[in-house]
Amino acid sequence: MSHVGAPRGRTCSRTLRSVALVTTGVLALPGLSACSSDQDGGDASAAPDIAPAARDVVSQGGTLRWAVDSVPATLNVFQADASSATSRIAGAVLPSLFTLDKRGRPQHNKDYLESAKVVEREPKQVVLYKLNQQAVWSDGREIGAADFAAQWRALRGKDSAYWTARNAGYERIEKIERGASNLEVRVTYAKPYADWKSLFTPLYPKDITGKPNSFNDKARSALKTTAGPFKVKSVDRKDKKVTLVRNPRWWGDPAKLDAIVLSAVPRNKRASALADGKIDLAELDTKGAERVSLALADTGTEGQALNHGPGAEITPASALRSWALAHGSDDEKAEEARIAREQTAAAIKRYAREQKALRRYELRKSLEPAYTQLAMNGESGPLADERVRRAIARAIDRQELADLVLKPLGLPARPLGSHLALLGQEAYADSSDALGEQDTKEALALLADAGWTPGGALKKAGVKAGSEGKKKKAADADKEDGGDEGNEDGGNSDEKRSGTEGSAPGERQARPGPVEERPSERRAPGRGTAEEERAGEGRRERAEADGREQEARRPAERADKAQARQQRPAEREPERKPGTGKKPVEQSAADEAATDEGTYIVGQDGKPGEARRDGKPGEERQDGRPPAVAHQDDRPGRALPYSPFAPEFSPGRATDTHFQEAPLQGRSMLRRGAFFEDSGSRQQPARAAQEPQDKKQSGVTGAYAPRGTAAPAPVGGPLGKNGKRLTLRFVLPKGEGSESLRAVGERIARMLDRIGIGTEITKVDDASYFKDHIASGVYDLALYSWPATAYPATDGRPIFAKPVPASDGSLLVEQNYTRVGTNHIDQLFDQAVAELDEKAARDLVRRADARIWAAAGSLPLYQRPELVAAKPGLVNAGAFGLSTPRYQDIGFQKAGSAGPDGKKK
């Protein structure tokens with residue numbers, strides 16, 4: 001999915017860090033790296049995987065074909081439509097005064113600077129740059145103060161003729177002047193600026209930044225003047241390629257490669273492009289990485305049929321049916337079946353050929369310097385109450401979600417404890433204690449304090465309890481007038497009492513005086529008088545009508561679903577309609593996945609709380625289909641996490657055969673586990689697939705739950721207030737490659753359902769997900785990611801700044817799409833960005849993060865995985881971590897030299 005800009009504020013961050021609607025791995029950000037050597041930052045969460053090699057073992061020459069998401073619309077990183085490809089090109093061809101080491105710490109780049117430091121603090125901050133005397137532009141001119149000054153004037157925000165997307169830091173500069181010589185540049189700041197090292201990287205020549213027309217147009221399609229190890233040879237938008245070649249005027253270590261060709265290849269087509277030999281290096285989505293991992297696991301199995309791919313789900317029974325149709329007497333159906341068989345055979349053959357070719361590549365994996373968060377829109381509705389936001393945060397098991405995504409990949413699964421830094425960075429500190437750990441009781445207490453209680457969906461504001469005599473009259477009135485809603489003390493008082501009990505589902509509690517039965521305690525026919533049954537029915541009808549009035553924009557079946565939850569509290573997951581693959585929720589047919597003939601699959605739930613239609617868990621159905629299965633207990637330790645590398649275990653996907661009839665899938669999972677996990681854990685998926693179903697003790701997301709497994713019951717039933725149920729809009733992307741994100745979203749919905757919070761999951765196109773929903777505020781809950789930064793005081797402020805009213809009454813949110821902020825948070829950011837003592841500045845950033853946790857506008861979940869396929873022998877490239885790539889060191893290893901694993905190539 002391509003990057004979508006924000007409506008206001010800076011739309012890009014440092015270098016490869018653009019605004020992240022990260023659903024399908026849009027950013028080409030490499031994984032986190034390095035170990036911590038001091039008390040700051042904690043331990044790193046994952047090492048880089050770039051096949052490091054010394055320059056003397058890298059051969060001279062060759063061309064690297066590197067996949068990117070798209071040909072950049074501009075080569076100017078300071079424009080709104082710049083992309084990660086723009087930043088990659090700039091890093092290879094333009095000066096970067098400061099680069100980042102393995103822990104994301106800025107280090108002055110010796111290719112351009114001899115030194116750079118603060119030389120004065122009073123009365124004003126002054127930074128002195130001493131330039132490398134060999135540093136020149138490709139036209140032979142020295143890099144100097146004129147280039148610094150031109151870029152400052154373009155980006156300081158005072159001249160609207162420059163079309164800039166960001167100017168953070170440049171607006172604080174008062175003047176730029178030449179120092180004692182042409183090799184010195186003095187920058188004087190009007191206001192202190194702690195993140196001064198973030199500026200002038202990249203540095204453009206003055207012929208680009210000196211005039212608005214040049215800045216706006218000249219650098220969009222070409223960069224004639226450069227100063228890096230490579231230069232831009234061509235930008236071919238027709239063939240979707242950008243070619244960089246070695247810069248002959250480069251004064252530093254010469255580039256090992258002759259050329260780097262950046263080819264635009266969609267992520268869902270990169271596995272095929274690798275197999276066809278069209279690219280050498282590519283970041284993959286989960287499906288593409290799965291294919292590479294399976295190809296490597298299949299090494300040594302030549303001549304054997306693959307147990308994955310297009311033919312993996314074909315069983316003897318389905319093959320026999322297909323053959324019978326193709327040779328049947330119905331000519332039309334026979335022709336269709338023959339065509340389908342030919343297409344399947346061709347797909348199997350093509351897949352087998354590509355899998356064999358993919359064995360030539362390596363899979364390099366780490367964690368991206370980006371984290372996925374649950375965003376809670378606090379602008380209006382229930383989430384405007386911070387108690388509700390905190391309750392949601394306290395109800396979510398972040399460790400379970402991290403395990404869900406990262407453990408199957410063999411990556412460290414640790415929930416993130418900071419909004420502003422990642423594990424391994426100096427500014428990192430786990431500040432989640434400011435909110436509190438996962439605690440269901442505390443979550444319910446917060447919700448109760450906010451007025452959201454069990455039975456609140458049936459209570460009407462202003463309704464009084466009334467006497468038993470009035471209740472008797474109300475029942476009589478129901479018979480006469482069909483349940484007039486004007487009866488103040490009739491059905492509504494009963495409704496108020498019907499949902500207020502906090503007992504466990506299925507239990508009854510003694511209550512003083514005559515007791516009206518709750519929907520979950522309805523008498524069987526013949527147990528009560530006809531008058532009582534008619535009165536109760538009238539009250540239930542009024543409750544449904546009231547619910548429709550209160551929730552005019554909600555589906556008309558909302559009240560029925562709430563009653564169904566109370567009637568069958570143990571059956572929390574909806575049954576799919578036989579043969580249709582549709583769930584009883586308000587989603588378009590295009591969003592629904594195929595179902596297994598009505599058999600419930602763990603993780604493929606629709607709207608939680610829907611009553612089953614075909615039978616109770618463990619009971620054989622009348623139509624001969626497999627028995628209904630209740631929700632598997634998915635507490636940590638009770639089930640294996642969802643693997644984005646296991647389509648058979650993926651939510652939203654089902655097979656058309658019983659799990660016991662699919663041994664190929666079991667063997668497929670065995671190979672997945674063998675590649676990604678250690679010897680102790682790799683056998684779990686295979687055992688889960690191969691064990692008889694009646695012997696399984698726990699389910700796996702996507703697998704069949706054991707027959708008769710009881711569903712976890714909601715705590716006290718659905719929550720509501722003043723006759724309105726607590727239901728939140730949960731927006732998720734539906735595009736290919738975002739399966740893992742949807743799995744996380746569905747798991748969160750189940751966690752919230754356990755405490756009585758309903759969710760309406762809406763799956764939208766990737767292209768509109770960010771622009772039309774996140775940035776526009778049309779959501780209650782959403783999942784998206786922010787990239788890490790070496791400068792959190794600068795880059796974090798627009799993300800968490802308190803929104804301010806605009807003149808037209810709207811909110812100016814900058815990049816704070818949760819619309820949650822406080823003056824205190826803004827003050828801490830302002831103090832941090834002006835604090836020149838690095839340790840004191842980090843402390844202020846950590847304090848700001850603690851306040852962000854307390855405000856509960858967003859909940860950091862986990863770092864995103866990064867998976868990169870690389871041609872064997874390609875060194876110093878892959879998952880770079882927080883460090884800046886050294887493009888001049890990337891190349892192919894000399895034949896016969898030992899690689900990083902000690903083996904000769």
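User: At what angle do helix α7 and α8 pack, and how far apart are their axes?

Analyst: Two packed helices are described by the angle between their axes and the distance between the axes. In this predicted model, helix α7 (residues 316-326) packs against α8 at about 130°, and the axes are 7 Å apart. The two helices are therefore oblique to each other, because angles of 65 to 115 degrees count as roughly perpendicular and only those over 145 as roughly antiparallel.

User: Which residues of α7 and α8 meet?

Analyst: On the α7 side they are A319, S322, W323, L325 and A326; on the α8 side, K333, A334, A337, R338 and R341. By class, this contact has six nonpolar, one polar and three charged residues.

User: How do the axes of α6 and α8 cross?

Analyst: The axes of helix α6 (residues 286-297) and helix α8 (residues 331-358) cross at roughly 75° and come within 8 Å. That angle makes α6 roughly perpendicular to α8. R291, V292, L294 and A295 of α6 make the contact with Y351, E354, Q355 and L358 of α8. These residues divide into five nonpolar, one polar and two charged.

User: Is Q355 buried or exposed?

Analyst: Q355, in helix α8, has 1% relative accessibility and so counts as buried, the cut-off being under 20%. Leaving out residues up to four places away in sequence, Q355 touches R291, L294, A295, L306 and H308. Among these, R291, L294 and A295 belong to the α6 side of the helix contact.

User: How should I read the nonpolar core, and how many residues are in the largest one?

Analyst: In soluble globular proteins, nonpolar side chains tend to be buried together. Here the largest nonpolar core has 166 residues, and Y129, F200, L374, I392, I748 and L783 have the most contacts inside it. Strand β21 (residues 858-870) gives the most to this core, with seven residues.

User: What is Y129 in contact with?

Analyst: Apart from neighbours within four places in sequence, the contacts of Y129 are L97, F98, L113, S115, A116, F148, L183, E184, V185, V187, W196 and F200. F200 is itself one of the residues with the most contacts inside the core.

User: What do the totals for the protein look like?

Analyst: The protein has 23 helices and 23 strands. Of its 905 residues, 57% count as buried. The accessible surface comes to about 37200 Å², with 48% belonging to carbon and sulfur atoms. Among contacts between residues at least 6 apart in sequence, 72% join residues at least 24 apart.

Notes:
Residues are numbered from 1 along each chain as its sequence is written. This is a predicted model: local features need pLDDT of at least 70, side-chain atom pairs count only at pLDDT 80 or more; totals for chains, interfaces and linings use all residues. Side-chain values use heavy atoms; hydrogens and water are left out. A nonpolar core is a set of buried Ala, Val, Leu, Ile, Met, Phe, Trp, Tyr and Cys residues joined through side-chain atoms within 4.5 Å. Buried means under 20% relative accessible area, exposed over 50%, partly exposed in between (1.4 Å probe, protein chains only). Helices (H or I, at least four residues) and strands (E, at least two) are DSSP runs, numbered from the N terminus. Contact means heavy atoms within 4.5 Å. Accessible areas come from the Shrake-Rupley method with a 1.4 Å probe; for residues, only the protein chains shown count as cover. Axes are lines fitted to C-alpha atoms, for helices over the stretch in contact, and angles run from 0 to 180 degrees between N-to-C directions. Angles under 35 degrees count as roughly parallel, over 145 as roughly antiparallel, 65 to 115 as roughly perpendicular and the rest as oblique. Ala, Val, Leu, Ile, Met, Phe, Trp, Tyr, Cys and Pro count as nonpolar, Asp, Glu, Lys and Arg as charged, and the others, Gly among them, as polar.
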